[in-house]
Amino acid sequence: TNTCNTSLKTGLLRKMQNLLNTCFGALVLGSHLSPSRTECYITSDMFYVEVHLDKAGKLVDVKVAHHGENPVSCPELIQHLRDKNFDEFSEHLKGLVNLYKLPGDNKLKTKMYLALQSLELDLTKMMHMFRIATNANTVETILHGSVGLLTARSGGHLVSLQCYVSPNDIFEEGTGAQLNYTDVNSVSMSVTVEGTTSVYKLPIAPLITGSHPVDKKGTPSFSSVTNSNCVDLPACFFLKMNRLMPFSLSYIKKMGGTTGIPVFETTPTLFPLYDLIIKSQLHEEGEASLPALTKSMLFYASLPGQQHCYFLNGDAPVQDGRSLQGAYVSKIPFRHPAQVPALLDIIRHQAAYNTLIGSCVKKTYVKEDTSGLLQFEVCPLTDSSFSVSFQHPVNESLVCVVMEVIDSRQVACKLYKGLSDALICTDDFITKVVQRCMSIPVTMRAIRRKAETIQADTPALSLIAETVAIMVKKNLQSRTLQIIIIKKNNNNREYNKVINFYSKK
């Protein structure tokens, strides 16, 4: 290090001196200069970084070499040094050091690195095979790809998989223009290998055979796990979430069942799932007063022409008299690349559920006595469904919409109302709206506006409702009541509008 320091003549090298002094002690790194004093080497037992300068001290190249490999130029590190972004350069060094925080000697660590490298090659091939087979664009690859959108490992940054983004984060509000997918709050994770207390058989060579998929989704075929392509290691692969993500207990068990490895080594402490979703959502919005907001479970949404209040009844019993339980998950263990698509499907499913519930959680404040404030109650039914209850837009009765998150792509909706209640909208209408926006407040606004449109379009609806109510009270046999309303269109021409109502015995 002293040798390096004596040759720091340029602005870049002086900055690097500070970097070396602050980083090396914590990261256990060494450094030295080449005889020509135009190359600076940052070294460890398992890797080294070459910084190449010309005689004037101008940056030429930055290369990274892992144990037993030739140095490879790293564009990211080059750009960080050219931009004098030494903090980010330091983060890359930390990432490289953390990559080798593994149990065992250098020989064992090398095997673990080879396992990670083999996994990365297979995952990269899986993404390319999906895109070729389906002709998927970037957003489709994120939402539906077998491994999501993969970003290759670079410097000290691990391979990342981006697997879910909500419609609200894809399209700009108002204009509908597509946003830069890298700027949004998406669900993504890094891929790494870490030491474990148990021993697992991990591949040390790529397992995908050939480039021909076995189906139209680009699914590859894998070679069998043998002693020639796999070794027993005190480690396994992990998907490390970019932020703590709430999962229901049943989904945590599904992930463990998919891989044969429990997500948690010890039984996790469980909390009401809705509490975790609320805290996660408020944290993303940068809200400081988490406890007060979480305790009230009341949240407000200010929409064009409407003000909403949402009560999230997360304590409602769903099974065995208990509320829906869950835990934060930071990383998910696995041991084979073929397990990743199934894990991502579970992660996406939970992300879609969390997105819908989280859409009600805003740090908007509206006075409770605000005129026209609309009240809604969101109540869990299962780990994949919930109800939204509210007052009928015309009658004083209570109606509710049940939303079933089938998977990350499909949400089935059904409206429940009294037989005598005025028509609001169809189940198909609600389903289309919620799948497009993945937002409860936006969907509730659309339902109310649709009901208002129907009211304006059908002046005789109150009379119809009274007629149906009389039929129900008189316990008439099941039959169809057909009412023909004569209306005038914009050209003042009359047309018939037929409305069918059903009464059941």
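Helix H5 (residues 106-134) lies across S6, strand S7 (159-164), S8, S9 and S13, and runs at about 55° to S9. Helix H11 (residues 340-358) packs on the sheet and touches S7, S8, S9 and S13. The direction of H11 makes about 10° with that of S9. Contact means heavy atoms within 4.5 Å. Axes are lines fitted to C-alpha atoms, for helices over the stretch in contact, and angles run from 0 to 180 degrees between N-to-C directions. Helices (H or I, at least four residues) and strands (E, at least two) are DSSP runs, numbered from the N terminus.

This is a predicted model: local features need pLDDT of at least 70, side-chain atom pairs count only at pLDDT 80 or more, and totals for chains, interfaces and linings use all residues. Residues are numbered from 1 along each chain as its sequence is written, and side-chain values use heavy atoms, with hydrogens and water left out.

The sheet is open and has six strands in the order S6-S7-S8-S9-S13-S10, with antiparallel pairing. Its edge strands are S6 (149-151) and S10 (271-272), each pairing on one side only. Two strands pair if DSSP finds at least two bridges between them. Strand S8 (residues 187-203) is joined to S9 by eleven bridges, and the two run antiparallel. Glutamate 194 stands opposite cysteine 236 in S9.

Next, the aromatic rings. Rings of Phe, Tyr and Trp (its six-membered ring) pair if their centres lie within 6.5 Å; planes under 30 degrees apart count as stacked, over 60 as edge-to-face and the rest as tilted. The count comes to eight aromatic pairs. Phenylalanine 237 and phenylalanine 334 have ring centres 5.6 Å apart and planes at 45°, so this pair is tilted. Phenylalanine 237 lies in S9 (residues 230-248) and phenylalanine 334 in S13 (residues 325-334), so the pair ties together parts 97 residues apart in sequence.

The rule asks for NZ of Lys or CZ of Arg within 6 Å of the ring centre and within 35 degrees of the ring normal.

| Lysine | Ring | Distance to ring centre |
|---|---|---|
| Lysine 254 | Tyrosine 251 | 4.4 Å |
| Lysine 450 | Phenylalanine 429 | 5.2 Å |

Last, the cysteines. The whole structure has zero disulfides, a disulfide being a pair of cysteine sulfur atoms within 2.5 Å. For cysteine 400, the nearest cysteine sulfur is that of cysteine 379, 9.7 Å away. Cysteine 400 is buried at 18% relative accessible area. Cysteine 40 is buried at 6%.

Conventions:
Buried < 20%, exposed > 50% of the residue type's maximum accessible area, 1.4 Å probe, protein only.
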